[in-house]
Amino acid sequence: SYTHTTLHQYTHIFIFTMKRILIHAVLANVLYSDGFMMPPCSQLIAPKPFPDVPITSKKSKHQMSSGGDNEGMILADDEPLSSKFQRAVVLQRAGDYSSALEEYETFVKAAKSCDVSPEKYAEVHVNMGAVYMRLGKRKEAKINFEVALKYRKIGNAHVNLALLTLAEGQKSVNPTDGINALKEAEDHCRIAVDLNDDIHSFQRASTLLVDIGKMLAQVNGR
């Protein structure tokens with residue numbers, strides 16, 4: 001009886017360990033092959049044009065030079081929102097992530113001061129999420145991807161959330177967490193495919209769906 005119990009325990013541990021190794025291996029394969037998406041140039045322009053208005057449109061230079069809040073200082077340069085956006089994109093693509101993030105944050109504050117609808121710059125939050133991920137700040141990355149989706153459905157944001165979910169599942173020692181991560185990532189990819197709002201996100205989501213399907217089949221022994 002003792003021998004049977006010990007054998008059962010070792011068998012359970014072996015199965016648990018093998019599932020853990022399998023899940024980590026397949027997740028690592030997806031993360032290596034796909035990485036985090038950087039929006040192509042064609043995607044770096046919002047569907048609706050940014051208002052090409054001076055950023056000082058709501059406050060006079062006298063009000064801004066007299067001190068006050070940080071937003072007043074941010075709006076003191078009379079630069080169009082579109083220019084701020086494009087500069088942030090250039091910095092992001094050049095790999096200067098800290099500077100890009102500063103420009104995106106400046107853009108968001110300026111857009112809010114100009115009463116621009118968040119729907120018009122949802123992509124900015126997707127870009128900020130990608131930048132945060134590059135800086136190793138997954139929590140902030142996830143928040144920005146979710147903020148983007150709050151304002152508009154964007155396939156790119158869903159794909160990035162799928163990859164982030166896989167990365168988080170990979171860290172867990174519990175196979176159940178890995179399987180749940182695969183299923184959640186699968187949901188995000190299906191939404192991205194259904195949206196089909198840009199070819200790159202559609203292709204990436206489609207590839208991930210195939211890979212995730214194979215992984216789940218492996219884990220379930222099919």
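**A loop residue and its helix**

A: Asn196 is partly exposed, with a relative accessible area of 46% (buried means under 20%, exposed over 50%, partly exposed in between, with a 1.4 Å probe and protein chains only).

Q: Where does Asn196 lie?
A: Asn196 sits in the loop between α9 and α10 (199–219); helices are DSSP runs of H or I with at least four residues, strands are runs of E with at least two, and both are numbered from the N terminus.

Q: What is the phi of Asn196?
A: Phi is near 45°, a positive value in a residue other than glycine. Most residues other than glycine have a negative phi.

Q: Is this predicted or experimental, and what should I keep in mind?
A: This is a predicted model, where local features need pLDDT of at least 70, side-chain atom pairs count only at pLDDT 80 or more, and totals for chains, interfaces and linings use all residues. Residues are numbered from 1 along each chain as its sequence is written, and side-chain values use heavy atoms, with hydrogens and water left out.

Q: How many helices and strands are there in the protein?
A: The protein has 10 helices and 0 strands.

Q: Back to α9, which residues are buried?
A: The buried ones include Ile179, Leu182, Glu186 and Cys189. Residues three or four places apart point the same way, because an α-helix has 3.6 residues a turn.

Q: And what happens at the start of α9?
A: A side-chain oxygen of Asn174 comes to within 3.0 Å of the backbone nitrogen of Thr176.

Q: What about Asp115, buried or exposed?
A: Asp115 is exposed, at 59% relative accessibility, and has a positive phi of about 60°.

How values were computed: A polar contact is a pair of N or O atoms within 3.5 Å; within protein, one must be able to donate a hydrogen and the other to accept it, and residues adjacent in sequence count only if both atoms are side-chain atoms.
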